[in-house]
Every structure is written in structure tokens, then in C-alpha cells.
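This report covers the pockets of one protein model and the contacts of its ligand. Please keep the structure open while reading.

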Amino acid sequence: MRAQPRASHFIGGGYVESPNGAAFDSLYPATGDVIARLHAADDLTIEAAISTAREGQKIWAATPAAERGRILRRAAEILRANNRALSELETLDTGKPLQETLIADAASGADCLEYFGNLAATLTSEHIDLGGSFAYTRREPLGICVGIGAWNYPIQIACWKAAPALACGNAMIFKPSEVTPLSALKLAEALLEAGVPAGVFNVVQGAGDVGAKLVSHPAVAKVSVTGSVPTGRKVAGLAGSNLKHLTLELGGKSPLILFEDAHLDNAVSAAINANFYSSGQICSNGTRVFVHRSLKEAFLTRLAERTANAVLGDPLDEATNIGPLVSKPQLDKVLGYIEIGKTEGARLVCGGGAAHVAAFPQGWFVQPTVFADVTDDMRIAREEIFGPVMSVLDFDSEDEVIARANATEFGLAAGVFTRDIQRAHRVIAQLAAGTCWINAYNLTPIEMPFGGMKSSGIGRENGHTAIGHYSQVKSVYVEMGDVAAAF
Ligand code: NAD
């Protein structure tokens, strides 16, 4: 097995096995080969993680913020120094091409650790003058935070949750997706090597049942989940009944709006990135591409020409642009939606089925697929597909496209392409989406808050905003005079 870790979990500063927990495999999506066999956490393992996190958090919270920051920045450097090995591991676990994982996974995780490492020592609180007496606030950690990841950006998601949590003095128990369990263990190794005390960052493996046990554990103060809307609803229910702080990063069906004055090739590039990067397995993808009727045919022609150049193939070859989907169930789901698009009457512009890559006959590859003449009522325009399937819809006016773009339960992201600066800001201001781009798509620098409105999420990751989601404010009134009482 090419990527077998020393044991399934990382708890209290070391690898731990739970031989009695249910066994599950990590598969290489290009071949279907088993690359690692792990065991889900049993109840004793979960309790061990909680107890070491409790101890570790006390030590970590008492560590000066500047020192916590220094340690997180050191962890960022360790990820960078190991970027190639981490990227290869991520490629084996997810099937995403090395061309992507070398720049978008551990690298983004390192940026995040560096950013929150830099921020840690700058966090200050308020002094409130009350005319003689005064009050001040203290920004305090929440305690034990649980992070639960999706399978599309495993180490990036782990870092996006761990970095702000640890910067604020919390401990974290992270449960990766059972589909991609491996890279979070490497993050745990890096944090320990950088100087994070044992117990402060722990990795516990398992499926949704393990996640649910962590979410409802009385010792846990906060939960942050990246996943689908149905999972988000379940977690919110559990977190609500146990009164936990909550961040939800969920799914989307985001609009990318191309006005008639859009720069054609930039707009095509954005549509490609917004639908085919990571084989379309990105939550913020702009899968509803609204194209002004006057631009439509030129856009579709250029898009089809450029999509024909996509190289599908060996994910470990840096020349490959598109790898397989993460799993057989995901492949079946995406192929099912492509058939739905055909039966719904959308016009197939390119792609339209599984891709056959000679050297990888068992790989879960899908052709980058574009449907045109898609209408708002079609399922391919309403439901999250999470694969390389683009729906192109026509529009005529600004008001019309805004209303149609917003007519969804989702609200994760949105993009607008136009050279009219006033229109760009006017339209963005009316879109119900948490993360927006003007003349760009899917860029997520750590400095910028990321997250969704409506059913796409609660709370934000990244940016200064994330600090508020991993800390709590204590107000302290200080009396400088006498205390009056009625009797
Ligand atoms: P998923 O919802 O199936 O699983 C996500 C995680 O939740 C997994 O670790 C899973 O084990 C866990 N889980 C499942 N049920 C649970 C429960 N009852 N209690 C606690 N944990 C539970 O999602 P997925 O298939 O891994 O990922 C794809 C989805 O994630 C897509 O909908 C995508 O849009 C979304 N996503 C969102 C973002 C974002 O930042 N908004 C980023 C990436 C992916």
C-alpha cells in the first residue's frame, strides 16, 4: 500500500491505532487501488482525543500569543519544505492532478498558518471609559474545537480550520473525510514538529457517525464543518441542541455572470476554472454561467475550442490538467446528472460522459462537459453536481440576471465579468452570495473572508473575520468608586 500511515489517528502528539474500529480504505482514484487501510475511532479513541485536547489546550492558551504565532509560522515553513511529498500524497488520496496539488493544497494551508501566525500577536481588546469606572474586554479561546472536513481539499480544509483555532489558543480535534483521511495526519506531524504542544491538534478518523459523536460531546465548545448542505443541517441540529458555536461551509450552485462587454478570453478562462478545476469538485464553483445573449455563441465556440485542449490523464504527471473524480459513487452521481441534462433537453456542447484514459482503464474520469440552452427549472441548473459539468444560461438584462442568479437556496459565491466598473459593483451588491469576484473567479487568498449566505453556510473562514468565530469576548467592569445599594 503506497500511502499507509503509521496508524489511523494522531492523538496527544503521536500515532494511535484503534484496531476494533471499523476498517475502511483510501483508494487511488486513477486506479481504484487501495493505498491505505485505516480504522474508524471507537468511543475510547474519541475520549482519548478529548482528554488530551483538554490538557493541551490549557498549556497552549497560557502560551504567549507571539509564541503561538511563531510556532504556526514554523509549521507553515515545514509544509512548504515538504510541499512535493504532501502534494503527491494529496494526489494519491484525491486523484487531483499534481499540477493543482503542488500549488493549491498544502501551499494554501501554509499560507493560512502563516497568516494566522502573523495575526496571533496583533489581537487586542477594548478599553471602555465609563467616566471614572471603566470596562475592558478580553478575547478568550473557546476551548476544544472540532473540525470536520470534506474530501475535495483535505489538507487545505484542515489548515483553514486549525490555523485560526490555534492562533486563538484553542485545541482542535479534526476529523477528515473518510474518503481522504491521509494528509491531515501530516499536518499533525508538522504542527508537533513546529512546537505545538501534544494534544493541541489531534486527528480522529471515521465517517459521519464519528463526526456526530464529536459534535455532540459535552467537552466540545465549537464545531466547524465543511461538507454538503444535508450534512450541514444534521450538524447544525446536533450543535444547536448541545448549544455549540458553529461554522458551516456548505455547498453551492453559484452564478458566474458574463455581460456583453466582458473580455471574452478572460471570461472563458474564468468559466473553465469555475467548472473544471479539480474536476469540478469545488464548493464555490460557478456552475450556472449566465452569458448575455449577444456574447453567447462566441463564448461557446471559444469555450469548446479551449476545452478540447484539456489534458486528462495520469494525475502524477505534471502535464495533466484533469484527473479522475474522487470516488466511484461521485462518478456515478456526476454521470447521472449528465444523463439528466440530456433528457431535460439541454444542448450538449462538449463532453457528455465518462472519459477513457488508456493507461487508467479503472480510473473515475469524466469528460469536461458543457451544456448550453439550459433553463432555470432544469435540475442541472438547480442542484449541486460537484463534477466537471457546466450549465450555460442566456440572459438579456441586468435586472433579469440578478433575479435569476438569486433564485436558489444556495448563496456561496458569485462572479461578474464586465468592463463597466459601476455595473460590476451595482450587480455584486445585489447578489445574495458570501464570496464574490469581479473579473475573476475562485481565487481565495487567505486574507479574504470566505463563506456562504443562505443554505450555503454560517460564519466565515479566513481573514480577520475568522478570529471572531474561534474566540469569545469577556467583558470586565471595574468599579473605581463605592458600591451603592438600596438598603
Ligand atoms: P459530506 O457532507 O458528505 O461530508 C463532509 C464531512 O462531514 C465528512 O467528513 C463526513 O464524514 C462528515 N459527516 C457526515 N455526516 C455527519 C454527521 N451527521 N455529523 C458529523 N459529521 C458528518 O461532504 P463531502 O461529500 O465530503 O464534500 C462535498 C460537499 O462539501 C459538497 O456539497 C461541497 O459543496 C461541500 N464543500 C463546501 C466547501 C465550503 O467551503 N463551502 C468546501 C468544500 C466542499
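## Ligand contacts

Trp151 places a polar side-chain atom 2.8 Å from an oxygen atom of the ligand. The model is predicted. At Gly227, a polar backbone atom is 3.2 Å from an oxygen atom of the ligand. At Leu250, a backbone N or O atom sits 2.8 Å from a nitrogen atom of the ligand.

How much of the ligand's accessible area does the protein cover? On its own, the ligand has 850 Å² of accessible area, and the protein covers 88% of it. In total, 27 residues surround the ligand. The closest are Gly149, Glu178, Thr231, Leu250 and Glu384.

## Largest pocket

The largest pocket holds about 860 Å³ of space. Its lining counts 36 residues. Nearest the centre of this pocket lie Trp151, Thr226, Gly227, Ser228 and Thr231. Thr231 is among the residues closest to the ligand.

Which elements give two or more residues to this lining? They are helix H8 (208–216), strand E10 (220–226), helix H9 (229–241) and helix H12 (328–344). H9 gives the most, with six residues. By class, the lining of the largest pocket has 17 nonpolar, twelve polar and seven charged residues.

Where does the largest pocket lie relative to the domains? Domain 1 (9–250 + 456–474) and domain 2 (255–438) both give residues to its lining, so the largest pocket lies between them.

## Second largest pocket

The second largest pocket has a volume of about 560 Å³. It is lined by 24 residues. Ala104, Tyr153, Gln156, Asn442 and Thr444 lie nearest its centre. Helix H4 (98–104), helix H5 (106–120) and helix H6 (154–167) are the elements that give two or more residues to this lining. H6 gives the most, with three residues.

The lining of the second largest pocket divides into 13 nonpolar, eight polar and three charged residues. Domain 1 (9–250 + 456–474) and domain 2 (255–438) each supply at least three residues to the lining of this pocket.

Note on methods: Residues numbered from 1 in each chain as written. Predicted model: local features only at pLDDT ≥ 70, side-chain atom pairs only at ≥ 80, totals over all residues. Heavy atoms only, no water. 1 Å grid on protein atoms, 1.4 Å probe; cavity = no way out; pocket = protein on both sides within 12 Å on 5 of 7 lines; lining within 4 Å. Points joined across faces, edges and corners; volume = space filled by probe spheres on them. Helix = DSSP H or I, 4+ residues; strand = E, 2+ residues; numbered from the N terminus. Nonpolar A, V, L, I, M, F, W, Y, C, P; charged D, E, K, R; others polar. Domains from an automatic or database assignment. Near = heavy atom within 4 Å. Polar contact = N/O pair within 3.5 Å; in protein donor to acceptor, adjacent residues only side chain to side chain. Areas by Shrake-Rupley, 256 points an atom, 1.4 Å probe, with all protein chains shown as cover.
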